[in-house]
Amino acid sequence: MTTAPAIEVKNLIVGYEDLNAVRGVSFSVPAGGRMGLVGESGSGKSMTALALMGLLPSGWQARGEVLHDGVNLVTQSDKALSSRRGKTISMVFQDPMSSLNPVRRVGDQIADVIHRHSDVSRREAMRQAIDLMVQMNLPRPEQLARSYPHQISGGQKQRIMIAMALACYPQLIIADEPTTALDVTVQKQVLRLLNAATRERNSALLMITHDLPVIAAMCDTVAVMYAGRIVEYGPVQEVFRNPRHHYTRGLLDSQPTMDNIALDGTSRLVSIPGMVPPLQRLPSGCAFHPRCPAATDKCRAEMPELAANGAACWHPVGATAAVEA
Amino acid sequence: MTAVSTSETPAKPKRRRRRNLTLTIGIVVTIAFVVMALASFFYLPHNPNVPRIPDRLLPAGAPGYLLGTDALGRDIFSQLMVGARTSLMVGAGGALISLIVGTIAGLSAAAFGRIADETISRGADIMLSIPGMVTALVLAATIGSGALTTILALSAFFTPSFTRVIRSAALSVLQEDFITAARLYARPTWFILLRHVLPNVAGVMIVQFTLYFAAGILTEAGLSYLGVGVTRPSISWGMMLNEAQQQVGISSPLAMWPGLAIVIVVLGLNLLGDGLRDVLDPKLARRT
Amino acid sequence: MSDRRPLLAMQQVTQAYSLPRTALFSPPGSFTVLDSIDFDVCAGEAVGLVGESGAGKTTLTRILTGMERPQSGQVMFDGTDIWAAGPAARANFRRSVQMVLQNPRSSLDPRMRVGTALLEPMRSLRIEGDHVKRLHEVLDQVGLDSSALERFPHEFSGGQLQRIAIARALMPNPRVLVADEPVSALDVSIQAQVLNLLKDLVRDLNLGLVFIAHDLSVVAYTTSRVSVIAAGRIVEVGQPVELFTRPSAPQTKNLVDAVLTVESGLSGAAL
Ligand SMILES: Nc1ncnc2c1ncn2[C@@H]1O[C@H](COP(=O)(O)OP(=O)(O)OP(=O)(O)O)[C@@H](O)[C@H]1O
Ligand SMILES: Nc1ncnc2c1ncn2[C@@H]1O[C@H](COP(=O)(O)OP(=O)(O)O)[C@@H](O)[C@H]1O
Ligand code: SF4
Ligand SMILES: [Mg+2]
Ligand SMILES: [Mg+2]
């Protein structure tokens, strides 16, 4: 059986004034699928997410096609979009503190989402909210439901946010750096829950992060983003084990791992030289060329498109390269 | 609602242009208003307090009277000029006193520990719970009405809100790491407040000042309209409204001029405040 | 262990904060953040501190740098108890122990030019000497151009800002640097620039470094000795790679288990 993808993005451009933060991005997440969007900060990941949600800051505009549930979200009115948010498509943000209402009890906030999108009574919505909190492994859910956001820990807040995002069995959940603000031990618990809960509901997941290990653990496909474009796209196993783009290669090489550390303290970590260019000063051709070890004149002059090997690169990394085990 | 297709239109530089326009209108109106108020000290077409019965109720454009005369034959434009002076003095005075007191109180509440914070914040709450009109009426009853009374009433009314805004702005600056760094170099608290906190809340202060300036003008007009503001020989736009209504009914052009002046200046100052907020907000400005 | 000659040390430090009363007449509760902590660093040595969020790492650095006075226990610098010492020894301590904070964007005043910010510690600590010469020396050490002095923080990337923050800490010629999560706010692709710099400084300047990070491999890479802190107590100390590959305390095991790597993710063993 073929079902429509949970979301299909075609040539998405997002910008304000004459600057574009996202410059022609295309990808699709199959129903129930799990895609990762990875890149350094400032590469345009969040703007992509906000465009999909219709939550761009004022002055920003999106162009292109975002097909979801049979409609093009880019051309929908604000009203149509907001009735959809939380129902067929929902989002978990990086900072749980600023996305929860500080003066409303967390249980009520989950119940609000349920009450708004389905015609159940307030009481029933509250019961479902508590149910969700139990599924989120939150301790003493009845009591916790009556707490205000400032009374609970960061990890608990993020689980409340996930509960809200999952409440209406959405077709797609977008998670923008959901665990970046969390402690490593809490991060693992939250990822586990997000993983199990999305699978259970058959919701598709678009995981946005700069953290490669998180993508490796959670996703089937990955899109690597740099300076507003997808530079490599494919199954996680292939892209991470056998990166073709020099940027992906650089990201993988900069990951510190315990095994490549010499006990005498002489080892050096690898980094990608330079930094992500600001929107006003995008380099010509392949935007990565000032930082790329393999750049040639062709790279400086012409912008490569995504090729059959999944990478947008004139001189892809040789087939022998692999992740250090 | 019909969905409007935006997919074909390219991203337009709308926001910055709108922001610049707001700011420009605000600046132009504010300068015109201040110039008019200051000019009144040096030149007035006529004495605005001397009645000229033969010239009463002349229409705008009558020879010698740009905007005509009122029921006692006094020149309206001259009255508007002196009214601008009152508005400037009372609005700016009230906003300035609140700015100074509110900044000192807000910074102290934010920086000098829990007891200072509790005392100042609760004090502000109590002051806010007393309606501004009551303060104004009590003051007018005890020390008599007039420009100074109105300034004091406005300050009493605005200071607590100022204190709150400055306190919360200062609190957010104080939890930044560069404050921790300054503490590490053993900088005393007052130094940190002056050197790091004040410059970083200056934007908020300027914007708040403009907005309260406007609110002050509006409140002053209201008080004078009710007869508890300034009295002749001083003139206020609110008083002109009141007189126009008593003499000929609110619908006449007599009431239109001071009403228009109030609306334009208050709107102008608000546009200025909004424009400055966009320009001064480091969160908006810092984006690359 | 016996022949260690610590430059900066805390001995049996305990710190507790009082909690707000739960009821009007109930006695105020208290919460022990640090419990009989021993911790030290020698010249030319990088020591790490790891632990879950809320374990007390930042509080420890606040006490180590003299920003907070411990309720009991001593902080010893160069053999003298800083809270019992005279003003001259205190001043010496203040300039000799400097700090690098987590968020490079917020650790510099946005309204202050970089040059002014770098001179702040010199002015505040009343350090004499040729400040301009020192500015250029320090910029050189962290690998920045002197054109940086005239610019404002918003004109720099996160990695560059963190170098500036390190430059500021180096200005008074400190002997110990305390870095609380200095790379947590940076992308992995550039964190190596800052880590390599810290490592070089320890070697070249014979600096003592106290280094906190939540990424265990980053700690293992940067330091030669690590303490694990949990709920205000040091539960384990050792050589980082050995400790993290063969943890013995359950709290250390917990931290190690939480580590995600690309390899474990790809093999499906991560979650
Ligand atoms: N001034 C204070 N009053 C009361 N409790 C405090 C105070 N400062 C810190 N604490 C508490 O002390 C504990 C340790 O805090 P600390 O900031 O040292 O943790 P940390 O290990 O640095 O954590 P993180 O990894 O999140 O930075 C926490 O439970 C914190 O809530
Ligand atoms: N409100 C804004 N105004 C101007 N530029 C912005 C704004 N928000 C983001 N940007 C710019 O857009 C680009 C992409 O940002 P973002 O999508 O947030 O990146 P990421 O999520 O990948 O870190 C960056 O160059 C960033 O500086
Ligand atoms: S196109 Fe050229 S510059 Fe870009 S990644 Fe490939 S080799 Fe490097
Ligand atoms: Mg982002
Ligand atoms: Mg901390």
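Author: Chain C and chain A bury about 3500 Å² between them, with 64% of it on carbon and sulfur atoms; buried area here is the accessible area (1.4 Å probe) that two parts lose on being put together, summed over both. On the chain C side, C:Val262, C:Leu266 and C:Leu271 lose the most area to chain A, together 21% of what that side buries.

Reader: Before we go on, what kind of model is this, and how is it numbered?

Author: This is a predicted model, in which local features need pLDDT of at least 70 and side-chain atom pairs count only at pLDDT 80 or more, while totals for chains, interfaces and linings use all residues. Residues are numbered from 1 along each chain as its sequence is written, chains are lettered from A and ligands numbered from 1 in the order in which they are written, and side-chain values use heavy atoms, with hydrogens and water left out.

Reader: OK, how many residues does the contact take from chain C and from chain A?

Author: It takes 40 residues from chain C and 42 residues from chain A, where contact means heavy atoms within 4.5 Å.

Reader: And which side chains meet in a salt bridge there?

Author: The count between chain C and chain A is 1 salt bridge, and it joins the side chains of A:Arg241 and C:Glu263 at 3.6 Å, N to O. The rule asks for a side-chain nitrogen of Lys or Arg within 4 Å of a carboxyl oxygen of Asp or Glu.

Reader: Which elements of chain C give two or more residues to that side?

Author: They are helix 6 (188–205), helix 7 (216–222), helix 8 (240–245), helix 9 (250–257) and helix 10 (262–266) of chain C, and the largest share, 10 residues, comes from helix 6. Helices (H or I, at least four residues) and strands (E, at least two) are DSSP runs, numbered from the N terminus. By class, the side of chain C that touches chain A divides into 18 nonpolar, 15 polar and 7 charged residues. In that scheme Ala, Val, Leu, Ile, Met, Phe, Trp, Tyr, Cys and Pro count as nonpolar, Asp, Glu, Lys and Arg as charged, and the others, Gly among them, as polar.

Reader: Switching to chain B, what is the area buried between chain C and chain B?

Author: That area is about 1900 Å², of which carbon and sulfur atoms give 55%. In chain C, C:Ser106, C:Arg111 and C:Glu120 lose the most area to chain B, together 27% of what that side buries. The contact takes 23 residues from chain C and 18 residues from chain B.

Reader: How many salt bridges does the rule find across that one?

Author: It finds 2 salt bridges across the interface of chain C and chain B. In one of them, the side chains of B:Arg195 and C:Glu120 meet at 3.3 Å, N to O. Strand 6 (97–100) and helix 3 (114–124) of chain C each supply at least two residues of the side of chain C that touches chain B, and the largest share, 5 residues, comes from helix 3.

Reader: On to the ligands, then: which residues are around ligand 1?

Author: Around ligand 1 are C:Tyr17, C:Phe31, C:Val33, C:Glu52, C:Ser53, C:Gly54, C:Ala55, C:Gly56, C:Lys57, C:Thr58, C:Thr59 and C:Glu181, a residue being near a molecule if one of its heavy atoms lies within 4 Å of it. An oxygen atom of ligand 1 lies 2.8 Å from a backbone N or O atom of C:Gly54, one is 2.9 Å from a polar backbone atom of C:Gly56, and one is 2.6 Å from a polar side-chain atom of C:Thr58.

Reader: And how many residues surround ligand 3?

Author: There are 13, the closest being A:Cys286, A:Cys292, A:Cys299, A:Cys313 and A:Trp314. By class, that shell has 9 nonpolar, 4 polar and no charged residues.

Reader: Last one from me: where is B:Pro233, and is its peptide bond from B:Arg232 cis or trans?

Author: B:Pro233 lies in the loop between helix 7 (189–226) and helix 8 (237–248) of chain B, and the peptide bond from B:Arg232 to B:Pro233 is cis, with omega near 15 degrees.

Notes. Polar contact = N/O pair within 3.5 Å; in protein donor to acceptor, adjacent residues only side chain to side chain.
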